[in-house]
Amino acid sequence: MELSFTQGRWNYESWGGFDPIPSSNAKPPGVELWAVFDAPQHLIDALWKNLTHTLSGLFCASINFLESSTAYSAPEWSFPPASGKLRYGTLPREAVCTENLTPWLKLLPCRDKAGISMLLDRPSIYRGFYHSQRLHLTSTGSGSEGMDPGIILEQTLTVVLQPDSQRASLAHASEKHIQPSWSLSSIFGKQISGRCVLAETSNVYFLLDRGLVAELEHIHKENEKSEENVLISEKFWNNPSFELSAKPDRIFIEESSLLSKNASVLYKFEIEKYGESEPFDLGLFWKTPVVWLCQQAPLHANRFLMGSGNERGAIAISLKSTQSSEGFMGSNSNDERCELRVDVFQVVPWYVKVYFHSLQVFVDQQPKAVSDIIEKIHVSPSKDKVSPGVMELVLTLPCSVSSAVLTIEFDKGFLHIDEYPPDANQGFDIPSAIVSFPDFHARMVFLENDSLNKSPEKSPVMSYTEVLLVPLTTPDFSMPYNVITITCTVFALYFGSLLNALRRRVAEEERFLKDK
């Protein structure tokens, strides 16, 4: 099972889309939940509903809205952990707040009172560009190698923060275009005063991206005219480009460095050496301006709406080749037999009635036959007020492709007045589509002293598209109130006059007046 709360959208163009962070930790806005059940097929839906209610109470969120059959789907093969017992659901409009972060922190051994979690300052996290808290649960049976039966819990908090540029400008007043320097205390407002006593290991890793390493080596060669790699030398923490405030305990080099110069460098800092008298505060201070580009996925995915009005429209998924595609494709990218596989998974609500026969494919702005590009397709049409529509595609594109566009038409349905949300005029959300590249795996293998340090599991490169906002025909919610008010007024006047005429006794009133 995996549950994520996300505020903001991961910027794949600026923050990268190929390394494990965007592929594993970058999530769509709002809430995303998927689970694989070890149970008979006829019990999975009931277990899913029970799971959503349990998580909703634990994390103070509206996850229970996913219990409806119109809010979740069952992918067959396009979603990475896909199986016949998988359920997947999203709530794009769910707001993420501290009331969701607090239950997540309670699952940590020392919460946010000791160890690395002391850096989790609420104002610092929520003023960032992007933050996503992720909870991953895996149950291990007795058949697992070297593991006892139990549950493995993995918690990940991904935050994109901006350094304080004003402090950096004061420190480097002469350099106008230098990127801002930073430290843990300047970003989070806190320092790490030792590790959590319940933790076996507590480490901080500082990663230099492949593009940054290549640029730093290029700058060093121009200045020093030396072939020595300053990033792994003895004085790496004080080189011509930047300076680290603390000395790393170990250095790891990515395995690809044996074949290519573009390899990441990972610095490891052990927290157990620090304490309250000497807290850990890692800082990076730039000396020269450096511009680099994070490694991109083979294709950059975008999604947008076409058409106008409240009757019909179209959904378009655009795939554009990135600058680093040539390095991904290899030397045989010009070969006609070279193909790039792309998996697309898209869920649409039932009130967006998609016509799957209207699917069109354009490659390099030229229309192509669907059978020539789409190798495999699985469609589950939506049912009114029962289930959403699901579309799973396997695209086979030539490696030399520069752009590809998928378009599909839809009609906008009508909802009952009780089915509209309170902010119906804002529009209705279509969850993010998932674009994955099974032939490319986002993982980093680092070497230490010519020996393998760690080899994470392979996970395909994956990216999420934007959440679409579809305006539907919205009734005038004030009209029922107006009609009820006017009708009640008319009936009150009518029945009041009628009862007054029926109950009044004119002869007795005249006799009473004469006697008086």
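Buried means under 20% relative accessible area, exposed means over 50%, and partly exposed lies in between, with a 1.4 Å probe and protein chains only. Keep those cut-offs in mind for this talk.

The model is a predicted one: local features need pLDDT of at least 70, side-chain atom pairs count only at pLDDT 80 or more, and totals for chains, interfaces and linings use all residues. Residue numbers start from 1 along each chain as its sequence is written, and side-chain values use heavy atoms, with hydrogens and water left out.

First, the overall picture. The chain has 516 residues, and 43% of them are buried. It holds 12 helices and 26 strands. Those are DSSP runs numbered from the N terminus: H or I of at least four residues for helices, E of at least two for strands. Now contacts, meaning heavy atoms within 4.5 Å. Of the contacts with a separation of 6 or more, 72% join residues 24 or more positions apart. The chain exposes about 28100 Å², and carbon and sulfur atoms supply 52% of that area. Accessible areas come from the Shrake-Rupley method with a 1.4 Å probe; for residues, only the protein chains shown count as cover.

Next, helix H3. H3 runs over residues 44-59, which is 16 residues.

Which residues of H3 are buried? They are Ile44, Trp48, Leu51, Thr52, Leu55, Ser56 and Phe59. These cover an arc of only 130 degrees around the axis, so they sit on the same side of H3. The arc is taken from the directions from the helix axis to the C-beta atoms. Ala46 and Gly57 are exposed on the other side of H3.

What does the buried side pack against? Its partners include strands S1 (2-7), S2 (30-36), S4 (86-91) and S5 (130-140), along with helix H4 (98-106). After H3 comes Cys60, with a positive phi near 55 degrees.

On to salt bridges. The definition is a side-chain nitrogen of Lys or Arg within 4 Å of a carboxyl oxygen of Asp or Glu. The structure holds 17 of them.

Take Glu32 and Lys27. Their closest N and O atoms are 3.9 Å apart. Glu32 counts as buried, at 1% relative accessibility. Lys27 also counts as buried, at 7%. Both belong to a network of salt bridges that links Glu2, Lys27, Glu32, Arg134 and Glu154.

Now Arg210 and Glu254. Here the closest N and O atoms are 2.3 Å apart. Arg210 lies in helix H8 (residues 210-224) and Glu254 in strand S10 (residues 250-254), so this pair ties together parts 44 residues apart in sequence. Both residues are buried.

Then Arg312 and Asp411, with closest N and O atoms 3.9 Å apart. This pair links strand S14 (residues 312-321) to strand S20 (residues 403-412), 99 residues apart. Is Arg312 buried or partly exposed? Arg312 is partly exposed, at 47% relative accessibility.

Last, the surface. Phe491, Tyr494, Phe495, Leu498, Leu499 and Leu502 form a nonpolar patch, with about 640 Å² of accessible area together. Patch residues have over 30% relative accessible area and no salt bridge; like charges are joined within 9 Å, nonpolar side chains (Val, Leu, Ile, Met, Phe, Trp, Tyr) within 5 Å. Leu499 is partly exposed, at 48%.

How values were computed. The expected span of a helix is 1.5 Å times one less than its number of residues.
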